[in-house]
Amino acid sequence: MAIKRGLSGGIIHRNKSNGPHSSIVVLVLFSFLVFSILFVGRCFLSSAATDQIDFSTGSSKQDLNWRERLAMQHLKSLFSREVMDVIKANTNDLGPLSLDSFRKNNLSSSWNFVGREISAAAQSKEVAANIKRETSRGKQKDTFNEDHPNFFESPAKLARRKLREKRREKRAADLVKQDDDVIVKLETAAIERSKSVDSAVLGKYSIWRKENENENSDSTVRLVRDQMIMARVYISIARMKNKLDLAHELQNRLKESQRALGEGTADSDLHHSAPEKIKAMGQVLSKAREQLYDCKLVTGQLRAMLQSADEQVRSLKKQSTFLSQLAAKTIPNGLHCLSMRLTIEYYLLPPEKRKFPRSENLENPNLYHYALFSDNVLAASVVVSSTIANAKEPEKHVFHLVTDKLNFGAMNMWFLLNPPGKATIHVENVDEFKWLNSSYCPVLRQLESSAMKEYYFKSAHPTTLSAGSSNLKYRNPKYLSMLNHLRFYLPQVYPKLDKILFLDDDIVVQKDLTGLWLVDLHGKVNGAVETCGESFHRFDKYLNFSNPHISTNFDPNACGWAYGMNIFDLKVWKEKDITGIYHKWQNMNEDRVLWKLGTLPPGLMTFYGLTHPLEKSWHVLGLGYSPSVDRSEIENAAVIHYNGNMKPWLELAMTKYRPYWTKYVKSDHPYIRSCKLSE
């Protein structure tokens, strides 16, 4: 059909019309063509003087009206009155004829604009603006018709209006369809990505999302484990749906992945065939997903696996607790070796060489006295050596060591071979304290009872690793030793002393401790660091508050404190009869209804209201169980305490805390080297 080239270089095509008024439309179009030719020619002649005119922006409104009148005069001689009415009606409806009207897509949908590319966003804006403009114009016309009922539209204008309405409806439908197409494309692309197996990462597979690349050293190990989890899920579903061949194939791939993974925890530990196994597994999982994937079934299988894994974790946690406690209570071979060699050496000495110097200092109340009760020679040596190394006046320090008869010779021999410089030391055997008997001491009487023997020594307890492990710590052999309960008899052991600093054997001294003797206890007996920063260090976690004897005498929210470094005023101790209070509560707990075994619960009860809190920097705890103790707190502490199962002389010890302890071990000693304790 007709082709008209615009001034901007574009080409407008007119397709064959199929409308109901095609003859009228053709006539109108032909009129537009003639008008445009005359219009362009006239403008060309008027611009001859200047050789340059901008048709889109350079003409004023008056020039445009003059040109229209001139064109109309030429057209009147060519067309009849009816044709001129049609042209006039169209110009009134569309406004002045110009190329801008073509550019703004005011033509019907059968016109195409060629040679000028417009962005999708610009087209959308233009379409929306045209729809809004045409809708507004339609409303104005409807209002006009209502206000002027006698007005009748000509057939051409009626056809034009109908075409506009159809065009608006079509454009609105196209926009809606375009949005739907975009959504469908996005969904399709997402589905395709989830189906694909990324060969760039060795067959990585994920049902749920496109995995982000992770450069961590164990990313491949995690991928293998994820694949194994999904393989187990699909094996179960395949058997449920009777797809045995697929289940068998998944099972084979699962075994291959297990062999490739082995005991590896990092990519470097994987077998060299792992990449091929990962890719093969990814392909089989993709196949399984296409055939078996069902959201509810997969969710159910994963939930069942999670519950099973949770039960296994609980069981393994109990086993781990049992084994760690067992390891903590077992004497390492090196310590046993050291004790035996020292014991033999001690009893080979003549009696006159078994005595320590400066025995006159043992009862001098003006010196700094320490009480240390231990059956561990190496641990006791670290306590003494670290205290002396950080003391300002070592000659004023006196160490009172008490051990059992099994380790008495070894403890003596160690300090005879390694004397603590100018400090005074004395070693005693707890079994030689004749006053400490079952008629005086409730603990000894209870340990001799048949009920206690049944609790400790009979085989009625569960024998599996997981069963009974929660009570294992209460059957610790140290609770059978009077060394653990001797702390409640300090005035009886040292009747001539006024103050004494009690130390556990799992501590390390890092600063001079003489300042503790200057602390005003305000009439209290015990100076200790409180541990109520956490809820589990309050009284209700140690004592049975369902018992009326406990609930009526103690506050469940009272703050606990720590044994391990305690300054005791022995004068006030005697005045308050602390040992008598301890005997009272110990007698009431013969059937273990007030607290479980141990010395901290009766200590909390005995010293209730009689404990003065010390600054926390004096005593930092947790190095035997907590991996998160702040390093600055450790380095600023006067005493650090390895309370817990991970003692520094055991293989269970946490590596980052161990150097604080090993720096005071005499690793160059021949007995230490021969018993391999320096390794």
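**The whole chain**

Display the entire chain as a cartoon, bearing in mind that this is a predicted model. The chain contains 24 helices and 13 strands. Of its 679 residues, 41% count as buried. Among contacts between residues at least 6 apart in sequence, 75% join residues at least 24 apart.

**Helices α7 and α8**

Select residues 219-240, which form helix α7, together with residues 244-261, which form helix α8. Their axes come within 9 Å and cross at roughly 155°. An angle over 145 degrees counts as roughly antiparallel, and α7 is therefore roughly antiparallel to α8. The crossing of this pair is left-handed.

Now show side chains at the contact. On α7, select V221, V224, R225, M228, A231, R232, Y234, I235, A238 and R239. On α8, the partners are A247, L250, Q251, L254, S257, Q258 and L261. Coloured by class, the residues of this contact divide into 11 nonpolar, three polar and three charged.

**The loop between them**

Next, select N242, in the loop between α7 and α8. Its phi is near 65°, a positive value in a residue other than glycine. Most residues other than glycine have a negative phi. N242 counts as exposed because its relative accessibility is 58%, and the cut-off for exposed is over 50%.

The contributors from α7 are T220, L223, V224, Q227, M230, A231, Y234, I237 and A238. Those from α9 are I278, M281, G282, L285, A288, R289 and L292. This contact has 12 nonpolar, three polar and one charged residues.

From α8, select L246, E249, L250, R253, L254, E256, S257 and A260. From α9, select A274, K277, A280, M281, V284, L285, K287, A288, Q291 and L292. By class, the contact of α8 with α9 has 11 nonpolar, two polar and five charged residues.

**Helix α13 and its cover**

Move to residues 408-417, helix α13. How many of its 10 residues are buried? Eight are, and the helix is mostly covered. The buried residues are F408, G409, A410, M411, N412, M413, W414 and F415. To see what covers them, display elements including α11, α12 (377-389), β5 (397-403), β6 (424-429) and α24 (670-674).

**S339 in helix α11**

Within that cover, select S339, found in helix α11 (residues 333-347). Is S339 buried or exposed? It counts as buried because its relative accessibility is 7%, and buried means under 20%. A polar contact of 3.1 Å joins the side chains of S339 and N407. Not counting residues up to four places away in sequence, S339 touches N407 and A410. A410 is one of the buried residues of α13.

**I672 in helix α24**

Select I672, which lies in helix α24. I672 counts as buried, because its relative accessibility is 0%. Draw a C-alpha to C-alpha distance from I672 to C337: the two residues are 335 apart in sequence and 9.2 Å apart in space. Leaving aside neighbours within four places in sequence, I672 is in contact with L338, L378, W414, K666, S667, L677 and S678.

**K676, the last stop**

Finally, follow the segment after α24 to K676. K676 has a positive phi of about 60° although it is not a glycine. At 55% relative accessibility, K676 counts as exposed.

Note on methods. Residues are numbered from 1 along each chain as its sequence is written. This is a predicted model: local features need pLDDT of at least 70, side-chain atom pairs count only at pLDDT 80 or more; totals for chains, interfaces and linings use all residues. Side-chain values use heavy atoms; hydrogens and water are left out. Axes are lines fitted to C-alpha atoms, for helices over the stretch in contact, and angles run from 0 to 180 degrees between N-to-C directions. Helices (H or I, at least four residues) and strands (E, at least two) are DSSP runs, numbered from the N terminus. Angles under 35 degrees count as roughly parallel, over 145 as roughly antiparallel, 65 to 115 as roughly perpendicular and the rest as oblique. A crossing is left-handed if the near helix is turned anticlockwise from the far one by less than a right angle, and right-handed if clockwise. Contact means heavy atoms within 4.5 Å. Ala, Val, Leu, Ile, Met, Phe, Trp, Tyr, Cys and Pro count as nonpolar, Asp, Glu, Lys and Arg as charged, and the others, Gly among them, as polar. Buried means under 20% relative accessible area, exposed over 50%, partly exposed in between (1.4 Å probe, protein chains only). A polar contact is a pair of N or O atoms within 3.5 Å; within protein, one must be able to donate a hydrogen and the other to accept it, and residues adjacent in sequence count only if both atoms are side-chain atoms.
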